[in-house]
Amino acid sequence: MSGRGQALVDALGLELPPGALELRLDEPMSRHTTLRLGGPADVWARPADPAALAALLAACHRIGAPWLCVGGGSNLLVRDGGIRGVVVNLGRMTDVRRSEVDDLVVEVQSGATTGKLLLAATRWELGGLEFLGGVPGSVGGGLIMNAGTYLGEFTKVVTEVRSLRRDGGLVTRTHAACGFRYRASDLPANEVAFAATLRLWPRPRAEIEAEVAGLRQRRKEREPAGVDNNGSTFKNPPGEFAGRLIEAAGLKGLRIGAAVVSPVHANWLVIERGADRPQPRASDLLALIDQVREAVRAAHGVTLELEVKVVGESGE
């Protein structure tokens with residue numbers, strides 16, 4: 001125990017109703033990412049509702065404490081030294097509701113999983129979210145990076161996003177103000193997008209389920225299984241596929257420690273675990289990312305851009 005977490009909680013001085021805010025000290029981030037890598041966060045905080053979230057952000061703002069909001073951890077690489085300050089997670093804010101005034105409108109909180117949102121839309125026979133059959137993680141993370149597949153992206157369905165500023169103030173953005181683009185948006189990193197409004201369209205449940213099943217089968221056939229991963233590591237360059245460039249550079253199977261360029265899909269840089277494998281470290285995966293990027297630049301003259309978000313401090 002470092003003691004940083006307790007000192008930070010004391011300084012925040014939060015007085016909230018019982019159950020409004022879950023706090024953990026020195027929480028290993030390896031528990032909260034699909035790569036199962038990363039050192040501890042000083043404080044791990046999970047508010048139960050927007051009011052508790054606003055109070056937490058306002059307290060951090062008052063004392064100048066750094067904070068970072070993370071979702072399901074499916075697109076996150078945390079360095080071995082962990083994260084200083086407060087890590088905010090919306091895993092208790094998971095409501096998915098159909099509008100009472102418009103049957104085609106869905107209100108969703110950012111902590112809901114993409115699977116929960118897709119299941120609800122399917123049950124209501126609302127189309128437009130079929131692409132979520134291939135997108136892991138939380139709705140919040142999907143909004144920030146405009147997550148999607150060949151079936152679509154969040155930009156197709158989002159009409160409004162509600163965020164809280166660093167001081168706890170509310171900001172509402174229309175679709176145009178969100179600035180959605182390929183695997184990115186203009187939703188600011190110094191705000192927490194906690195809810196969104198989606199407009200969908202009628203579609204028979206059988207059609208939705210068939211398309212989602214086809215997407216999942218396609219991914220199952222083309223993507224690695226049984227290894228810790230973040231999905232695609234690099235964004236596809238315009239008119240190209242990152243996986244093709246990596247494979248053409250002869251990098252499939254390249255390994256640094258437990259980090260490997262998957263022999264199944266070259267744009268998946270994965271972690272292999274086992275008694276005969278080295279202890280997994282974020283630093284090894286980061287070194288592999290750098291080596292792949294440099295090799296692709298040398299072979300093709302293309303600089304690959306990370307799709308994965310890298311946060312935290314080195315363990316050195």
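Student: Which residues of α8 are buried?
Tutor: In this predicted model, the buried residues of α8 are Ala 282, Asp 284, Leu 285, Leu 288, Ile 289, Val 292, Arg 293 and Val 296.

Student: And what covers those buried residues of α8?
Tutor: The covering elements include the helix α7 (242-248), and the strands β4 (76-78), β15 (255-256), β16 (259-261) and β17 (269-271) also take part.

Student: How many residues does α8 have, and how far does it reach?
Tutor: Helix α8 covers residues 282-300, which makes 19 residues, and from its first C-alpha to its last it reaches 27 Å, close to the 27 Å expected at 1.5 Å a residue. Just after α8 comes Gly 301, which takes a positive phi of about 70°.

Student: Switching to other positive phi values, what is phi of Arg 36, and where is that residue found?
Tutor: Phi of Arg 36 is near 55°, a positive value in a residue other than glycine, and Arg 36 is found in the loop between β1 (21-28) and β2 (40-47). Most residues other than glycine have a negative phi.

Student: What about phi of Asn 146?
Tutor: For Asn 146, phi is near 45°, again a positive value in a residue other than glycine, and its place is in the loop between α4 (139-144) and β9 (148-149).

Student: Is Asn 146 buried or exposed?
Tutor: Asn 146 counts as buried because its relative accessibility is 1%, and the cut-off for buried is under 20%. Arg 36, at 44% relative accessibility, counts as partly exposed.

Student: You mentioned α4, so where is Gly 141?
Tutor: Gly 141 lies in helix α4, and with a relative accessible area of 29% Gly 141 is partly exposed. The C-alpha atoms of Gly 141 and Arg 216 are separated by 20 Å, with the two residues 75 apart along the chain.

Student: New topic: how many residues of β7 are buried?
Tutor: Four of the five residues in strand β7 (residues 105-109) are buried, so the strand is mostly covered.

Student: Which strands does β7 pair with?
Tutor: One of them is β6 (residues 96-98), which pairs with β7 in the antiparallel sense over three bridges, and the two form a hairpin with six residues between them. There, Arg 98 stands opposite Val 106 in β7. Strand β13 (residues 192-199) also runs antiparallel to β7, joined by five bridges, and in β13 the bridge partner of Val 108 is Ala 196.

Note on methods: Residues are numbered from 1 along each chain as its sequence is written. This is a predicted model: local features need pLDDT of at least 70, side-chain atom pairs count only at pLDDT 80 or more; totals for chains, interfaces and linings use all residues. Side-chain values use heavy atoms; hydrogens and water are left out. The expected span of a helix is 1.5 Å times one less than its number of residues. Buried means under 20% relative accessible area, exposed over 50%, partly exposed in between (1.4 Å probe, protein chains only). Contact means heavy atoms within 4.5 Å. Two strands pair if DSSP finds at least two bridges between them.
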